[in-house]
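Me: I have a model open and would like to go through it piece by piece. Could you help me read it?

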Amino acid sequence: MLERTTPNTADIDAVAIARDWLAEFVEAMTGPAEAMAALFTADCHWRDLVALTGALRTTSGTDGVTALHTALAERGATGFAIDTLRLPPAETERAGHDVIEALYTFRTPLGPCEGLIRLRLDGGDYKAWTLNTAQASLDGFEKKPAQVYAKDVRAPNWLDHRMAARAYADRDPAVLVVGGGHAGLSIAAYLGSMGIDTLVVDREKRIGDNWRLRYHNLALHNQIGVNHMPFMPFPPTYPRYIPKDQVANWLEIYAEAMEINFWLETSFDGAEWDEESQVWSARVTRNGETRTMRPRHIVMACSTSAVPKRPDIESLSAFDGVKQHSEEFEIGSEWAGRPVMVLGTGTSSHDICQHLHAHGAHVTMVQRSPTMVVNVEPTAQRYDGLYLGDGPPVAVRDLVNISFPLDLIKRSHQILTRQVRDDEAEFYGKLSDTGFRLSWGEDDMGWPMLYRTRGGGYYFNIGASELIIEREIDLIQYHDIDRFVADGVQMSDGTHRPADLVVMSTGYENQGALVRKLFGDAVADRAGQVWGFNDAQEMANMWTRTGQPGLWFTAGAFSQCRIYSKFLAQQIALDL
């Protein structure tokens with residue numbers, strides 16, 4: 001079932017309450033802002049995704065209601081109606097409060113819109129606690145499939161047209177997407193569906209290699225229902241946790257099926273913005289030849305793991321063994337019977353330690369900072385409960401997902417994290433007994449907020465924690481190391497630990513570092529922070545306009561790319 005629990009209240013007519021509230025809301029649109037404010041709780045939130053502000057923005061309290069009242073008038077929103085078909089209004093519990101949730105639809109001159117309201121009893125009346133407005137689609141941006149059937153059998157067929165489209169022999173793309181993983185393919189698919197000429201470039205030899213070439217035992221750590229891509233869900237025959245090679249192969253299939261123009265073995269070498277013409281001069285190198293293209297927009301889709309983060313450890317230069325970052329690590333069979341060290345305690349570090357242990361290596365994990373650990377089954381999946389089990393289509397679940405403002409997400413995750421700690425208390429006790437330092441995330445909000453702020457700091461346990469508990473994998477603390485030496489490390493207590501291999505599973509820089517390298521300091525400074533949260537209570541410069549015209553960012557989990565690529569594509573379309 002969709003996670004909508006029924007609170008312990010008397011039976012009420014949720015449909016009637018939602019319709020009555022919406023009718024009052026529509027009436028208040030033409031009155032003063034104070035009249036509309038009376039329909040909202042004091043701690044209310046309004047989250048807009050393009051529909052009324054043209055951007056991704058959350059505002060709260062009285063200021064939020066005032067901004068909403070103004071935006072509704074300026075956009076000319078009309079035709080508000082409760083949607084009882086896709087997800088009927090119902091009572092549920094969110095972030096510790098009993099609420100009525102209801103989907104609704106409306107229109108602006110840009111096209112159809114949709115949203116979700118949460119009504120909460122306040123002083124005897126139902127008032128809006130959260131309200132979400134989202135652009136469903138843009139009028140005039142529907143791709144018209146080319147008709148290639150012709151009586152002349154010598155005329156170009158479908159394949160001829162596709163080859164010509166991919167060649168870009170006589171044109172430049174309107175949008176250049178840098179990076180061909182699931183993030184780049186998701187935005188390219190949406191742009192293509194809107195008839196916007198888009199080219200994806202990637203250094204790899206084969207679509208999907210960004211997954212295919214990673215360490216041997218990698219698989220997605222959340223379930224298939226969360227990870228579908230736009231327009232094409234994974235087949236129901238796929239496993240719950242999809243292995244990397246199956247993900248890689250699906251990306252290849254997806255790019256072909258969605259008719260995405262893609263250049264492989266192509267490097268993006270940087271770009272300069274022409275203020276007068278409002279286009280980029282972008283350099284790409286393919287087959288040894290550099291070409292300058294002039295796209296109006298560049299989308300950086302290089303994930304949250306664009307540049308490996310290598311710790312500055314002065315004594316590491318004294319180590320004579322093999323040193324590699326986790327992105328370089330592939331297979332552990334050559335390390336059988338040999339001592340190895342893995343720096344870091346995130347998901348990649350645990351997976352690599354488990355892989356090396358399975359191949360007979362003597363593994364030592366080096367913990368540098370406290371880490372959240374959550375078992376893949378069942379507790380990690382609680383945070384994705386919206387997508388698990390039977391219920392409405394993914395598109396409807398996505399609507400519920402995007403309706404949560406940041407404040408509710410934080411509160412909900414604190415509740416979930418407390419439940420996880422209580423349910424797994426025995427497990428966490430045993431892990432702590434090994435000396436493993438546990439974290440519960442910032443303000444005890446769990447792993448999803450760690451991902452949104454740091455891009456790491458957690459581990460989905462698929463067995464490595466048990467190996468640590470059983471002392472099959474050794475654990476030491478980084479602060480107990482005095483220095484690296486030629487054949488391992490010298491500990492502060494005078495003992496020596498040997499190592500033939502050191503894997504630095506120490507994470508990645510965010511995309512801001514890559515932008516500075518490829519575009520220069522001026523563009524990077526104008527673009528601003530990438531990832532984390534901004535003053536609008538949204539991911540900073542992700543899927544929305546940046547301080548640098550024509551420069552956009554997409555990254556994150558499959559679900560984030562599926563959901564937010566639509567809104568990114570809409571904003572690009574409005575700027576063409």
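Me: Which residues line the largest cavity?
Reply: The largest cavity is lined by Gly-180, Gly-181, Asp-202, Glu-204, Arg-206, Ile-207, Gly-208, Asp-209, Asn-210 and Phe-262. A cavity here is a set of points on a 1 Å grid over the protein atoms alone where a 1.4 Å probe fits but cannot get out, and lining residues have an atom within 4 Å of a point. This is a predicted model, in which local features need pLDDT of at least 70 and side-chain atom pairs count only at pLDDT 80 or more, while totals for chains, interfaces and linings use all residues. Residues are numbered from 1 along each chain as its sequence is written, and side-chain values use heavy atoms, with hydrogens and water left out.

Me: What volume does the largest cavity have?
Reply: The volume is about 30 Å³, taken as the space filled by probe spheres set on the points, with grid points joined across faces, edges and corners. A search of the whole structure finds one cavity of 30 Å³ or more.

Me: And how does the lining split by class?
Reply: The lining has two nonpolar, four polar and four charged residues, where Ala, Val, Leu, Ile, Met, Phe, Trp, Tyr, Cys and Pro count as nonpolar, Asp, Glu, Lys and Arg as charged, and the others, Gly among them, as polar.

Me: Switching to sheets, what is the strand order in the open sheet of five strands?
Reply: The order is S10-S9-S8-S14-S27, with parallel pairing. Strands (E, at least two residues) and helices (H or I, at least four) are DSSP runs numbered from the N terminus, and two strands pair if DSSP finds at least two bridges between them.

Me: Which strands stand at the edges?
Reply: Those are S10 (261-263) and S27 (551-553), and because each has a single partner strand, one side of each is left without a neighbour in the sheet. From one strand to the next, the twist averages 25 degrees, with axes fitted as lines to C-alpha atoms, for helices over the stretch in contact, and angles running from 0 to 180 degrees between N-to-C directions.

Me: How many bridges link S14 and S27?
Reply: Strand S14 (residues 297-300) pairs with S27 over three bridges, in the parallel sense, and Met-300 has Phe-553 in S27 as its bridge partner.

Me: What does helix H5 touch on that sheet?
Reply: Helix H5 (residues 182-193) touches S8 (175-178), S9 (198-201), S10 and S14, and its direction makes about 165 degrees with that of S9; contact means heavy atoms within 4.5 Å. Helix H14 (residues 511-519) also packs on the sheet, where it touches S14 and S27, and its direction makes about 135 degrees with that of S14.

Me: What do S22 and S23 form?
Reply: They form a hairpin with two residues between them. Strand S22 (residues 481-485) and strand S23 (residues 488-491) run antiparallel and are joined by four bridges, and Phe-484 has Val-489 in S23 as its bridge partner.

Me: Where is the cis peptide bond with Pro-378?
Reply: That bond joins Glu-377 and Pro-378, with omega at about -5 degrees. Pro-378 lies in the loop between strand S19 (372-375) and helix H9 (394-402).

Me: Last one, what is phi of Tyr-168 near?
Reply: Phi of Tyr-168 is near 50 degrees, a positive value in a residue other than glycine, and Tyr-168 lies in the loop between helix H4 (158-167) and S8.

Methods: On a 1 Å grid over the protein atoms alone, a cavity is a set of points where a 1.4 Å probe fits but cannot get out, and a pocket is an open set with protein on both sides within 12 Å along at least five of seven lines; lining residues have an atom within 4 Å of a point.
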